[in-house]
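Please open the structure in your viewer and keep the sequence panel beside it, so that each selection can be followed in both places.

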Amino acid sequence: MSTFTFNKTPLTLALTGLLVTPVFADLGELEGQFQSELEELSAQTNQATYTQLKELGCNDQDRTPTDTCSAGVFIVWQNVRELVHTANEITGTGPTEYSLDTDLEGLGFALRWTAGEEFSSQESMTNSFTSGQLSNLASRVTALRAGARGFAIAGWSNPEGNKSAWAGGLNAGDDTSDAWSRWGGFLNGSYTYGNQDPTEREDAFDFDGSEINGGLDYRINEHWIAGGLVGHQNQEIDFDSSLSIVDGGVTMNGWSIMPFVMFQGEHWYGSLSVGYQRADFDTERSIKYPSLNPNVASVNTVAISTNTATTWTANWAGGYSFNITQAFTIEPSIGVNYQKVGISDYTEQDLQNDGFNFFVLEQKIKSLETTFAVKAQYVVNTAYGVFIPYINLQAFAQHETDDRYIDAIYADALSTLTDSARFSLPTNAPDSDYKIYGLGLAAVLRGASQKTLDGPASGGIQAFVNYREVLAVGNYKQIIIAGGLRYEF
């Protein structure tokens, strides 16, 4: 069984000097005997809460609120008292009247139910949303490079030499001032799903979600395109009670805006974007554990909450096209992605008014990733359009890998408890490196054409579809299926 460092300073009732208060056994006496780090940390914080409330005037024999242990505080006192009395019964010392009458394993389960480690899932959902937006941007750039006017497509030439051809018939450097419509509108959709296996710090869950993005792009000249994406995503997490001591879920609704600019020369290409995402969360967290003591009720309640997260992003990517043959191209690329996430503070509501609701402090998270990718693509020209199947492998390196903690405190005793009675919940450290592979198809389904003899060519349609899977991210798995259309007008 694992042994964890346990800070006994806030758990000790002894006073320096001549006067010493008798010390009963407590949760601290079971240091190192629990099944996980999270149970150990929960034991430490619940004991610190018990100690502080006792010093404020709550008493082990109290059955109702008192002048020194008022209504809201008393509810919290009852909960932590039951946990401490259970520890006393296990160790054989101290008051046990309100013990749950469970063994060490049962006490550990109860401690984990109270911990609130479910809060870490909001960061996972926020990261997934942002990654999805960046993926849609990358797909948009691929589709533009495959079929937009002013770009030569490897392996394809215009046999007719007119403006109704599939790809438009222009090469890099040609004049696009009036011959072609500069505006394009696009619509993308994606579906994502996956799961996280349990760890000592975080719970198991399954998730799925859908996303839709739309936007406009404008051709500045034959080399530059500027545009913007607006996106909306729904995602839902269901905690897996068969794998973790947990029940409940989180629903996220998010929207995003991401302007971008893109450059393509004969071989070099690049894109730059900034973005803002906002996500709204509705969280439902169950707290339920049994009591075998007929004088102490079992716990079965739900804490609910709503809060928001905002993310600022900046992304740069650039690469070079090597034409191995007229139709086959290999494109290495590099990228940098920076994210700054803020998750607002919030207070849960305990639906049974049992005092298990938390006040969760504001969270600030930074991420800096560098990316190396290689894409191989092949151009197929048919009577129905130009089709470009591709495979893409991305290797990510995360440069912000410090451990992160979520701070929370019992809300009903918030005004009386100090920081030493604060839950400091550790999350899974970010993976320093991981990979994503993708398979996709970009296509020019219909070329632009002139409606009048001297009018601009428009009406071109480009499309893409791709499949992406996250690899080598510890206990986390995610799959994304996406597709989209672009129309020139």
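The tour below goes from helices to loops, then to salt bridges and surface patches.

**Before selecting anything**

This is a predicted model, in which local features need pLDDT of at least 70 and side-chain atom pairs count only at pLDDT 80 or more, while totals for chains, interfaces and linings use all residues. Residues are numbered from 1 along each chain as its sequence is written, and side-chain values use heavy atoms, with hydrogens and water left out.

**Stop 1**

Select residues 71–91, which make up helix α2; helices here are DSSP runs of H or I with at least four residues, strands are runs of E with at least two, and both are numbered from the N terminus. Helix α2 has 21 residues and reaches 30 Å from its first C-alpha to its last, close to the expected 30 Å, where the expected span is 1.5 Å times one less than the number of residues. Of the 21 residues in α2, 15 are buried, a word that means under 20% relative accessible area, whereas exposed means over 50% and partly exposed lies in between (1.4 Å probe, protein chains only). Just after α2 comes Gly92, with a positive phi of about 85°.

Now select α1, a helix of 20 residues that reaches 29 Å from first to last C-alpha, close to the 28 Å expected. Because 16 of its 20 residues are buried, α1 is largely enclosed by the rest of the structure. The residue to look for after α1 is Gly57, whose phi is positive and near 125°.

**Stop 2: residues in loops**

Move to Asp60, in the loop between α1 (37–56) and α2. Is Asp60 buried or exposed? With a relative accessible area of 3%, Asp60 is buried.

Asp101, in the loop between α2 and α3 (104–115), has a positive phi near 60°, and at 29% relative accessibility Asp101 counts as partly exposed. Asn353, in the loop between β10 (349–350) and β11 (358–360), has a positive phi near 55°, and at 51% relative accessibility Asn353 counts as exposed.

**Stop 3: salt bridges**

Side chains of opposite charge can pair when their charged atoms come close. A salt bridge is counted here when a side-chain nitrogen of Lys or Arg is within 4 Å of a carboxyl oxygen of Asp or Glu, and by this rule there are 14 salt bridges.

Select Arg201 and Glu37, whose side chains meet at 3.2 Å, N to O. Arg201 lies in the loop between β1 (183–196) and β2 while Glu37 is in helix α1, so the pair ties together parts that are 164 residues apart in sequence.

Next select Glu331 and Lys375, which meet in a salt bridge at 3.6 Å, N to O. This pair links distant parts of the chain, with Glu331 in strand β8 and Lys375 in strand β12, 44 residues apart. Both Glu331 and Lys375 are buried.

For another pair, select Arg278 and Asp280, whose salt bridge has an N to O distance of 3.1 Å. Arg278 is partly exposed at 30% relative accessibility, and Asp280 is partly exposed at 29%.

**Stop 4: surface patches**

Patches are made of residues with over 30% relative accessible area and no salt bridge, with like charges joined within 9 Å and nonpolar side chains (Val, Leu, Ile, Met, Phe, Trp, Tyr) within 5 Å. Select Leu272, Trp316, Ile334, Val336, Tyr338, Leu368, Phe372 and Val374, which form a nonpolar patch with about 670 Å² of accessible area together, an area that comes from the Shrake-Rupley method with a 1.4 Å probe. The elements that give two or more residues to this nonpolar patch are β8 (328–343) and β12 (363–378). Phe372, placed in strand β12, counts as partly exposed at 46% relative accessibility.

Finally, select Asp206, Asp208, Glu236 and Asp238, which form a negative surface patch; Asp and Glu count as negative, Lys and Arg as positive, and His and the chain ends are not counted. The place of a charge is taken as CG of Asp, CD of Glu, NZ of Lys or CZ of Arg. The elements that give two or more residues to the negative patch are β2 (205–219) and β3 (224–239). Asp208, found in strand β2, is partly exposed, with a relative accessible area of 35%.
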